[in-house]
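Here is a short briefing for a reader new to this structure. Take a look at the model before reading on.

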Amino acid sequence: MATRFKTPGLVGELAAEFAGTMILILFGVGVVAQVAAAGIGDHDSIAWAWGLGVTLGVYVAARVSGAHLNPAVTIALAVFKGFSWRKVAPYSIAQFLGAFVAALIVRWNYTEVLHAADPGLTIKTQGVFSTLPGNGTLPVGEWGAFRDQIIGTAILLFVILALTDMANTAPAANLGPVVIGLLVVAIGMAWGTNAGYAINPARDFGPRLASFLTGYGGAFRDQTGYLYFWIPIVAPVIGGIVGAGLYQTLIGRFLPSAEEPEVGRVPTPRDEAEVEATRG
């Protein structure tokens with residue numbers, strides 16, 4: 001039986017971020033491969049599998065690392081929630097590696113159907129692994145995709161902070177990961193047109209690199225030949241900071257502290273006991 005450490009330490013946290021992100025990408029990239037290369041499923045199955053992948057990845061990693069699974073989340077938490085800046089780079093690297101390894105597994109497993117659907121490994125199936133403006137076909141330019149990724153990731157972080165803020169109405173009974181997964185499903189269904197809702201630099205760059213190393217020579221460019229890879233890295237980071245900042249400005253600073261009952265609610269004996277406990 002494996003020895004359990006009382007506290008995970010940074011190595012344990014990085015292992016959890018790697019594993020959680022890997023689970024996320026196995027489901028997310030896997031479903032796109034199934035739809036794009038085999039014709040099994042549709043847009044809705046993609047949105048649901050990505051959301052379920054997020055839910056399962058969070059359940060895998062949350063107890064050890066907090067399950068960021070996304071450099072945009074890690075950076076936003078460092079800016080607004082006191083997450084240690086010295087952990088930002090290690091967390092981000094672990095997330096990228098988890099996404100990279102997962103994409104290699106998907107690429108290997110779906111080799112036959114990918115080559116059958118797209119023998120030249122072109123833009124036709126490049127979107128299995130990485131995002132493109134207008135999903136490779138619609139009239140959306142690079143700056144339209146940049147704008148879209150800022151907005152989509154801002155929504156993601158705004159709602160994640162609302163769902164995980166214990167001073168707010170956070171989901172009970174360990175249902176937080178489920179609701180966060182539903183959030184990603186909703187973003188995919190409402191904000192997937194302009195740029196494929198990467199909303200996660202690790203989710204995009206890790207699989208993009210994996211596809212480049214396994215035959216997709218144009219993986220870093222979009223359908224126009226533009227060197228597109230940087231947009232799903234930079235824009236989600238900006239969007240995450242914007243969304244977290246808006247939450248703090250519009251909601252977080254107005255929430256009652258542990259010493260104060262919610263406005264409009266009569267204090268209960270439990271409230272009074274909690275207040276006394278905080279006073280020591």
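Predicted model: local features only at pLDDT ≥ 70, side-chain atom pairs only at ≥ 80, totals over all residues.

Residues are numbered from 1 along each chain as its sequence is written, and side-chain values use heavy atoms, with hydrogens and water left out.

**Helices α1 and α4**

- Helix α1 spans residues 9-38 and helix α4 spans residues 88-109. Helices (H or I, at least four residues) and strands (E, at least two) are DSSP runs, numbered from the N terminus.
- The two axes come within 7 Å and cross at roughly 35°. Axes are lines fitted to C-alpha atoms, for helices over the stretch in contact, and angles run from 0 to 180 degrees between N-to-C directions.
- The crossing of α1 past α4 is right-handed, meaning that the near helix is turned clockwise from the far one by less than a right angle.
- On the α1 side, the contact includes L10, F18 and I25. On the α4 side, it includes Y91, L97 and I105. Contact means heavy atoms within 4.5 Å.
- The residues of this contact are 18 nonpolar, four polar and two charged. Ala, Val, Leu, Ile, Met, Phe, Trp, Tyr, Cys and Pro count as nonpolar, Asp, Glu, Lys and Arg as charged, and the others, Gly among them, as polar.

**Annotated spans**

- The unreviewed UniProt entry annotates "transmembrane region" over several spans, among them 21-41 and 88-110. UniProt annotations may be inferred rather than shown by experiment.
- Residues 21-41 are 86% helix and 0% strand, with end C-alpha atoms 23 Å apart.
- Residues 88-110 are 96% helix and 0% strand, and their end C-alpha atoms lie 33 Å apart.

**Loop residues with positive phi**

- L69 is not a glycine, yet its phi is positive, near 60°. L69 sits in the loop between α2 (43-65) and α3 (71-80).
- L69 counts as buried because its relative accessibility is 3%. Buried means under 20% relative accessible area, exposed over 50%, partly exposed in between (1.4 Å probe, protein chains only).
- N135, also not a glycine, has a positive phi of about 55°. Its loop lies between α6 (123-126) and α7 (142-164).
- N135 has a relative accessible area of 42%, so it is partly exposed.

**L24 and its contacts**

- L24 belongs to helix α1. Its relative accessible area is 5%, so L24 is buried.
- Not counting residues up to four places away in sequence, L24 touches W50, G53, V54, L69 and N200.
- L24 and W50 are 26 residues apart along the chain, and their C-alpha atoms are separated by 7.2 Å.
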